[in-house]
Amino acid sequence: MRNFVAIVFDDSRKAYEGLHALWQLDDSADITVHGTGVVHRDGLGHIQVDTKDTHPALGTALGVGIGALLGALAGPAGAAIGAAGGAGIGAATGGTVGLIADLDRADTREEAADETGFVLGAGQSAVIADVSEDWTTPIDRAMRKLGGKIYRRARSDIRDDAWLSPDYPYGYYLYPYEYIPPAYSF
Amino acid sequence: MAQPATTSPKPGAGTEVKDAIDHLRSSAQELHKAISDAAAKRSGATKADIAALTEKAKTVAQSAKASVKAEQGKVAKKLTDAVSHLEATQANLSQSAKATGTAFDTGVKKVLAEARASVQKVSEAVAEKRSAAAGNTK
């Protein structure tokens, strides 16, 4: 089954350990990883995407793409919010408050995603992944061992939420290989 | 809303599949990474970079074509799609080599999009094959 998975960790280093563990599961053929990314929420509440330098023409698209995916992981209302990109619309659903559209910059962060506020607390990090898995145990076991909390949505459900287009490229901007910024290299 | 995961039953042991498609996937990933790194260069990708990437794309496309012949069904279909994207990557690289300014930026976006799509398709082929292998061991 093709799923989008968000695994929340208390800090970035743990998140990168989680990312590495995810690709190890791929290497051992327990799952197939189609793309991954790491986001974190800073002390001001802004969500930032960890990415390497990229072509200027792709920077904003990257933030908006992952923002849309985070919104989609939050559910139907979140999908609309996330896909709105930098529109700056506020919304609340089921006790989870989204969206502060904001763009931040940091040394290895190109553009920030929209805040959906659904799982990520200040100072926490999340691994976002597009995976094929025949059973959920490999990811669950590996990530819980590292202290991660796992959220899943079927890719087909997310596609059904898409209000822009059923073919909106959720996950398009996830890395199709393991990318760990130098600061988190093992 | 996304829900905390629950445990699903194990489909069967011995799901490990390592073969030519896995190696093809690694090559496609390396190609995408190399294109992404070249595109991120502050001074821009050089003609030598583009020429090397075009050659690499050609090699990966040839490997993919060979893999299509060795597979069937959904796996072969995914690999055929990957070949199309790899050929488009090659074509866009060639066009980018001749372009400047906005046309070059547009070309880079197309190259990256096609290269990424090729990795996705090979990756999906790998997933199909692994899933089939897991099913066969039930």
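Guide: A residue counts as buried if 20 or more other C-beta atoms lie within 10 Å of its own, and as exposed if 12 or fewer do. Keep in mind that this is a predicted model.

Visitor: What is the phi of A29(A)?
Guide: A29(A) follows helix 1 of chain A. A29(A) is not a glycine, yet its phi is positive, at about 65°.

Visitor: Which elements do the buried residues of helix 1 of chain A pack against?
Guide: Helix 1 of chain A has 16 residues and reaches 23 Å, close to the 22 Å expected. Its buried residues include A15(A), L19(A), L22(A) and L25(A), along with E17(A) and D26(A). Their packing partners, in chain A, are strand 1, strand 2, strand 6 and helix 4.

Visitor: Which element gives the most to the largest nonpolar core?
Guide: This core has 37 residues, and V5(A), A6(A), I7(A), A126(A), V127(A) and I128(A) touch the most other members. Elements giving two or more residues include strand 1 (2-9), helix 1 (12-27) and strand 6 (125-132) of chain A. With six residues, the top contributor is strand 1 of chain A.

Visitor: Beyond four places in sequence, which residues is V5(A) in contact with?
Guide: V5(A) is one of the core residues that touch the most other members. Leaving aside neighbours within four places in sequence, its contacts are A129(A), V131(A), I139(A), I150(A), Y151(A) and R152(A).
There is also a second, separate core, and its residues number 28. Its members include A28(B), V60(B), V111(B) and V126(B).

Visitor: What pattern does chain A follow along the sequence?
Guide: Chain A has five helices and seven strands. Of its 186 residues, 54% count as buried. Read along the sequence, the pattern is β-α-β-β-α-α-β-β-β-α-β-α.

Visitor: Which residue in the turn between strand 2 and strand 3 of chain A has a positive phi?
Guide: The two strands run antiparallel and are joined by four bridges. Within the pair, V39(A) stands opposite V49(A). Five residues lie between the strands of this hairpin, and the turn residue with a positive phi, about 90°, is G45(A).

Visitor: In strand 3 of chain A, which residues point the other way from I47(A) and V49(A)?
Guide: Side chains in a regular strand alternate between the two faces of the sheet. Here I47(A) and V49(A) point one way, and both are buried. Also buried, but pointing the other way, are Q48(A) and D50(A).

Visitor: How many C-beta neighbours does T89(B) have inside 10 Å?
Guide: T89(B) is found in helix 3 of chain B. Its contacts beyond four places in sequence are A57(B), V111(B), E114(B), A115(B) and S118(B). T89(B) counts as buried because its C-beta neighbours inside 10 Å number 30.

Visitor: How far apart in space are T89(B) and L31(B)?
Guide: L31(B) is one of the buried residues of helix 1 of chain B. T89(B) and L31(B) are 58 residues apart in sequence, but C-alpha to C-alpha they are apart by 9.9 Å.

Visitor: What should helix 1 of chain B span?
Guide: Helix 1 of chain B covers residues 20-40, and its end C-alpha atoms are 30 Å apart. At 1.5 Å a residue, its 21 residues should span an agreeing 30 Å.

Visitor: Where in chain B is confidence highest?
Guide: Chain B averages a pLDDT of 84, and 82% of its residues score at least 70. Over residues 9-17, pLDDT stays under 50. Confidence is lowest in strand 1, at a mean of 50. At 94, the highest value belongs to helix 3 (residues 73-98) of chain B.

How values were computed. Residues are numbered from 1 along each chain as its sequence is written. Chains are lettered from A and ligands numbered from 1 in the order in which they are written. This is a predicted model: local features need pLDDT of at least 70, side-chain atom pairs count only at pLDDT 80 or more; totals for chains, interfaces and linings use all residues. pLDDT is the predictor's confidence in each residue, from 0 to 100. Two residues are in contact if their C-beta atoms, placed from the backbone, lie within 7 Å. A nonpolar core is a set of buried Ala, Val, Leu, Ile, Met, Phe, Trp, Tyr and Cys residues joined through C-beta atoms within 7 Å. The expected span of a helix is 1.5 Å times one less than its number of residues. Two strands pair if DSSP finds at least two bridges between them.
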